[in-house]
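This briefing concerns the contacts within and between chains. Please consult the sequence and the structure shown below.

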Amino acid sequence: MNERTDTVVDEVNIFALQELAARSPDAISLGLGDPDLPTPAHIVDAAIAAIDEGRTGPAPTRGLPELRHALARKLLRVNGIKADPEREILVTTGSQEALFLLVQALIEPGDEVIVPDPRYPSYDAAIHLAGGRIVLTPTDERHDFDLDPVEVEARITDRTKAILLITPSNPTAGIISPANLQRLAEIAIERDLIVIADEIYENFVYDGAEHVSIASLPGMRERTITLGGLSKAYAMTGWRVGYITAPAEFIHAVAGLKALVNIHAPTVSQWAAVAALDGPQECIAEMREIYDRRRKLVMDALTGMGLTFGQPKGAFYIWANISSTGIDATTLSYLLLRDAGVLVFPGTAFGEKWGNYMRFTLLQPEPILEEAMERMRRVLRG
Amino acid sequence: MGRALAVRVLGHGAAIGAQADTAELLDLTRPEPQETAAPIRKAAKAALERGETHYTARTGILPLRQAIAGMSTVDGFPATAEGVAITNGGAEALYIALQATLQPGDRALLLEPVAPRVIDVVRFIGAQPVVLTDIEDARLEGGDVVVVSAPSSLSSVAMPDHGLTVLLEAARKQDVTVIVDRSAAPDRYQPAPPFARPDLAAEVITVGSFSGGYGLAGWRVGYFTSPPDGMERLAGLKESMSICTTTVAQFAAQAALEHAGELLALERDRFTRRRDMLIQILAASGIPVIQPDVYPALLIDIRQSGMDDHRFAQRLASEAGVVVEPGSIFGESLAGHVRINLGVEETMLIEGVTRLASFVEAG
């Protein structure tokens with residue numbers, strides 16, 4: 001058995017919680033990052049048209065040319081990244097796979113990767129499996145979970161291969177401010193490091209914040225691996241379409257691995273993705289407005305319960321400090337599920353040190369979020 | 001840059017065709033695209049229309065896992081729904097099985113014939129591939145994992161129960177993890193009785209695919225089954241690789257199993273007809289084949305040409321404009337044979353095989 005997969009297995013507490021919640025029909029899930037909103041109709045219609053027209057057969061490992069070209073247009077339009085669709089883009093089976101593949105391709109045993117903490121646990125799993133070492137850089141509530149370049153620089157050693165950045169962040173909903181991002185880019189250039197930029201939540205920023213792709217900054221394109229996907233932007237989690245854009249040599253290497261791992265991303269989903277990227281983009285703004293309203297609702301409710309969270313400027317999460325309850329996060333997760341019928345993931349699912357935090361998702365309609373908050377209020381008061 | 005650069009990338013068979021002007025070549029290795037069958041299309045569209053666009057459980061939708069567990073159990077490979085996970089194609093299932101069971105430095109015993117991509121995966125993981133040529137001799141000493149395809153989509157031949165039993169007993173004795181690739185199991189010309197030793201089969205990891213006989217290659221859906229003690233590790237790795245399998249593809253696969261009888265019968269008829277026709281063309285020139293148990297591969301014995309299979313394939317491409325795979329790509333057991341795919345468009349298939357027969361006759 002491969003012991004390097006052990007970190008994956010250690011993360012099962014959230015699966016146990018989910019299974020428990022699934023057995024309780026009345027439970028409200030504020031757990032998984034799976035948008036409740038439907039995939040917009042024009043995207044579903046494009047998939048149905050592909051099925052009707054027989055466009056369901058095998059696709060190239062790098063992805064349908066139509067999709068790679070649509071991604072190249074999007075990267076230029078939205079991110080200011082100029083990418084050659086023939087050589088610098090790889091379509092993946094979701095952004096989770098993008099992360100997995102690029103880490104396996106990039107990281108040699110002993111390499112260190114600097115990762116902001118708390119973090120999405122799949123980073124640990126992928127880096128550990130490659131034999132790499134994850135070096136955590138703390139972020140904190142006082143600074144709205146922005147990433148401090150000084151803290152990052154202090155952790156660079158001669159084994160550091162890459163800095164992984166996620167903005168907006170899962171789980172903290174923090175964003176990396178443009179000034180800090182600029183400084184991080186300078187550090188990467190000065191210290192000759194690769195940047196892995198996870199931009200899966202790029203569309204969801206609030207309160208006038210702006211998303212900046214680090215690959216668009218001067219001198220960064222050649223050292224940045226940007227990954228993203230359609231799951232969050234277009235409520236397409238079940239379709240499994242993501243992408244990597246990076247210099248051609250690296251894409252070539254990752255494509256070789258992609259061919260071994262699962263050959264190509266599902267064809268029907270790729271046609272749906274073409275429709276999503278080339279079609280009307282109003283759906284993203286509509287979703288953002290919906291999430292923003294929910295965000296304010298949950299922030300107000302949690303504040304009323306004595307919880308704090310800095311200022312969540314992105315994604316669709318609230319990373320709330322539960323110290324005032326006097327209960328640790330794992331206990332509170334089970335308590336809320338049992339007594340309130342509300343599923344919330346404990347902070348420890350996102351890092352060992354985060355037993356005073358919980359991640360709330362905003363992925364329920366407002367009346368249900370209100371109900372969840374009311375149930376929580378009753379339990380915490382009792 | 002990391003290990004991916006060390007991977008030998010693709011194209012072992014296709015490389016032969018690439019040397020010549022592809023427009024002029026009859027490529028007998030690439031099947032023509034198959035339309036997804038009507039009942040599967042209908043089920044997939046219905047799933048999309050009712051909003052099945054979210055993540056599923058990491059192991060997949062329960063009705064599909066139940067159906068796979070039932071099918072596997074009937075075949076003599078006992079499985080429960082809790083021990084099944086749906087994957088993004090059979091390739092992902094095999095990758096997960098290998099990645100979860102092999103440590104860097106471990107020895108992976110690969111029973112011939114073996115696809116070069118499997119050797120590549122083992123190397124990529126950092127383990128050592130060891131190709132076994134004879135199942136009856138397999139003591140499995142010093143091995144950590146053994147991989148066997150039964151039936152083999154490469155040789156087109158099913159593995160006799162006796163051989164598999166010997167292997168599984170040796171694995172039990174040596175405490176070697178067994179991965180049985182059953183991707184070609186639906187593609188039999190004749191129905192097979194269940195494997196005679198379900199007690200041994202219950203201890204193995206199996207991998208399967210909906211790409212072959214069900215015609216769902218582009219949908220990317222496969223699965224693995226695992227004994228209970230290994231399931232959490234495999235499912236955890238699946239989750240960290242791709243969260244879950246494409247939801248609509250899972251519903252397509254469920255429909256495929258609900259209509260398995262009719263769908264597989266259509267495929268079986270199509271391939272039986274092609275097999276018989278081609279064997280007749282080849283027999284007329286005195287060229288034997290390996291009698292296939294499963295489609296779509298057909299292994300043609302070209303030893304009478306006096307050439308080895310690589311040389312034969314090269315000359316066939318350059319002189320007759322026909323692309324085939326040298327059998328020895330997949331191991332010494334298929335040396336002296338070339339491999340074609342009966343899923344190639346029919347007129348091209350007939351023309352190509354006719355040219356191959358003339359090429360052999362012309363010496």
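How many residues of domain 1 of chain A are in contact with domain 2 of chain A? The contact involves 37 residues of domain 1 of chain A and 34 residues of domain 2 of chain A, where two residues are in contact if their C-beta atoms, placed from the backbone, lie within 7 Å.

The model is predicted: local features need pLDDT of at least 70, side-chain atom pairs count only at pLDDT 80 or more, and totals for chains, interfaces and linings use all residues. Residues are numbered from 1 along each chain as its sequence is written, while chains are lettered from A and ligands numbered from 1 in the order in which they are written.

**Confidence**

- The average pLDDT of chain A is 95, and 97% of its residues score at least 70; pLDDT is the predictor's confidence in each residue, from 0 to 100.
- Residues 7-12 of chain A have a pLDDT below 50, yet this stretch has 14 contacts in the model beyond near neighbours in sequence.
- Where pLDDT is low, the predicted coordinates should not be read in detail.

**Domains of chain A**

- Chain A is assigned domain 1 (3-39 + 282-381) and domain 2 (55-278), with bounds that come from an automatic or database domain assignment.
- The C-alpha centres of these two domains of chain A are 25 Å apart.
- On the side of domain 1 of chain A that touches domain 2 of chain A, the elements giving two or more residues are H1, helix H11 (282-304) and strand E9 (317-321) of chain A; helices (H or I, at least four residues) and strands (E, at least two) are DSSP runs, numbered from the N terminus.
- H11(A) provides the largest share of that side, seven residues.
- That side of domain 1 of chain A has 18 nonpolar, eleven polar and eight charged residues (Ala, Val, Leu, Ile, Met, Phe, Trp, Tyr, Cys and Pro count as nonpolar, Asp, Glu, Lys and Arg as charged, and the others, Gly among them, as polar).

**Domains of chain B**

- In chain B, the assignment gives domain 1 (3-30 + 261-357) and domain 2 (50-258), whose C-alpha centres lie 26 Å apart.
- Their contact draws 23 residues from domain 1 of chain B and 24 residues from domain 2 of chain B.
- H10(B) gives the most to the side of domain 1 of chain B that touches domain 2 of chain B, with five residues.

**Contact between the chains**

- Chain A contributes 52 residues to the contact and chain B 51 residues.
- H9(A) gives the most to the side of chain A that touches chain B, with eight residues.
- By class, that side of chain A has 30 nonpolar, 17 polar and five charged residues.
- H5(A) and helix H8 (residues 228-242) of chain B pack at an angle of about 100°, with axes 5 Å apart (axes are lines fitted to C-alpha atoms, for helices over the stretch in contact, and angles run from 0 to 180 degrees between N-to-C directions).
- H5(A) is therefore roughly perpendicular to H8(B); angles under 35 degrees count as roughly parallel, over 145 as roughly antiparallel, 65 to 115 as roughly perpendicular and the rest as oblique.
- A:Gln96, A:Glu97 and A:Phe100 of H5(A) meet B:Ser240, B:Met241 and B:Ser242 of H8(B).

**Helix packing within chain A**

- H3(A) and H10(A) pack at an angle of about 140°, their axes 8 Å apart, and are therefore oblique to each other.
- Residues making this contact include A:His42 and A:Ile43 of H3(A) and A:Val268 and A:Trp271 of H10(A).
- The contact of H3(A) with H10(A) comprises ten nonpolar residues, one polar and no charged.
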